[in-house]
Amino acid sequence: MVNSEQRSAGASAGWTPAEEALRLLAGVPAALDVAVKGLSRSSGVYAWWAAPAVFPDLPGLPNEKVPSLRLLYLGRATNLRGRILRNHLRRSGSSTLRRTLAGLLLPDEGYRTHWTDRVVLVPEDEARLTRWMYGHLRLTWAEEPEPVAVEAELVRRLHPPLNVHGVDPEHLQAAVVAAKNAYNASSGPPD
């Protein structure tokens with residue numbers, strides 16, 4: 001989504017790293033089949049977007065370039081390509097986003113879980129959730145050498161509805177917390 005030339009253009013304009021990342025994250029969100037081809041192995045931050053109809057009861061800031069999409073989740077990665085492809089688009093055990101989505105969709109989609117060292121989706125439902133994500137979500141990202149600080153600042157400023165950690169308590173979404181709890185209670189360690 002952004003290369004080093006674009007990053008240095010923002011830096012020379014006097015923008016903070018968070019402002020530059022926000023400018024890039026607010027760009028046109030890419031469909032996942034396109035996004036996965038453009039992700040680098042650099043560190044950075046990323047934003048997941050969806051139409052309001054996907055989760056109509058949750059707020060989210062509209063995308064500046066595509067107002068019919070709104071912000072759902074912000075994350076960070078030391079390797080953008082690896083984080084998105086190996087975690088968010090594959091394994092619920094290593095993706096808070098996937099576990100949250102599965103919890104929100106549990107009543108409608110009937111996802112099945114089992115216990116490993118934590119609650120995870122059964123393999124068939126991991127694949128179903130990935131297809132759902134490809135059909136409903138869009139992605140923006142920005143390379144960023146210090147993604148931890150930038151993500152923390154953006155989460156505090158933007159209050160993405162699916163983020164729980166780092167969100168001010170008054171912006172924490174009760175439905176998201178309940179969905180996460182329902183997902184986590186759906187399977188437990190064997191007796």
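Before we set off, select His159: is histidine 159 buried, partly exposed or exposed? Histidine 159 is partly exposed, because its relative accessible area is 22% and the classes run buried under 20%, exposed over 50% and partly exposed in between (1.4 Å probe, protein chains only). You'll find it in the loop between α7 and α8 (174-185). Check the backbone while you're there: phi of histidine 159 is near 50°, a positive value in a residue that isn't glycine.

A word on what you're looking at: this is a predicted model, where local features need pLDDT of at least 70, side-chain atom pairs count only at pLDDT 80 or more, and totals for chains, interfaces and linings use all residues. Residues are numbered from 1 along each chain as its sequence is written, and side-chain values use heavy atoms, with hydrogens and water left out.

**Zoom out**

Switch to cartoon. The protein has 8 helices and 6 strands, where helices (H or I, at least four residues) and strands (E, at least two) are DSSP runs numbered from the N terminus. Trace the chain from the N terminus and the elements go α-α-β-α-β-β-α-α-β-β-α-β-α-α. The C-alpha trace spans about 60 × 35 × 30 Å along its principal axes. The radius of gyration is 16 Å, which agrees with the value near 16 Å for a compact globule of 191 residues; that radius is taken over C-alpha atoms, and the globule rule is 2.2 Å times the number of residues to the power 0.38. Colour by accessibility and 48% of the 191 residues come out buried.

**Salt bridges**

Side chains of opposite charge can pair when their charged atoms come close. The whole structure holds 9 salt bridges, each being a side-chain nitrogen of Lys or Arg within 4 Å of a carboxyl oxygen of Asp or Glu.

Select Glu151 and Arg76. Their closest N and O atoms are 2.5 Å apart. This pair ties together distant parts of the chain: glutamate 151 belongs to helix α7 (residues 147-158) and arginine 76 to strand β3 (residues 70-77), 75 residues apart. Glutamate 151 counts as buried because its relative accessibility is 13%, while arginine 76, at 39%, counts as partly exposed.

Next, select Glu109, Arg112, Glu124, Asp125 and Arg128, which are linked in a network of salt bridges. Which residues does aspartate 125 form a salt bridge with? One is arginine 112, with the closest N and O atoms 3.1 Å apart. Here aspartate 125 is in helix α6 (residues 123-136) and arginine 112 in the loop between α5 (96-109) and β4 (113-115), 13 residues apart. Another is arginine 128, at 2.9 Å between the closest N and O atoms. Aspartate 125 and arginine 128 are separated by about one helical turn, because they sit 3 residues apart in helix α6.

Now show the surface here. Aspartate 125 is buried, with a relative accessible area of 1%. Arginine 112 is partly exposed at 45%, and arginine 128 is partly exposed at 27%.

**Last stop: positive charge**

Select Arg41, Arg86, Arg90 and Arg91, which gather in a surface patch of positive charge. Patch members have over 30% relative accessible area and no salt bridge, with like charges joined within 9 Å and nonpolar side chains (Val, Leu, Ile, Met, Phe, Trp, Tyr) within 5 Å. Arginine 41 is in the loop between α3 (32-38) and β2 (44-50). Arginine 41 counts as exposed because its relative accessibility is 62%.

Conventions
Areas by Shrake-Rupley, 256 points an atom, 1.4 Å probe, with all protein chains shown as cover. Lys, Arg positive; Asp, Glu negative; His and termini not counted. Charge placed at Lys NZ, Arg CZ, Asp CG, Glu CD.
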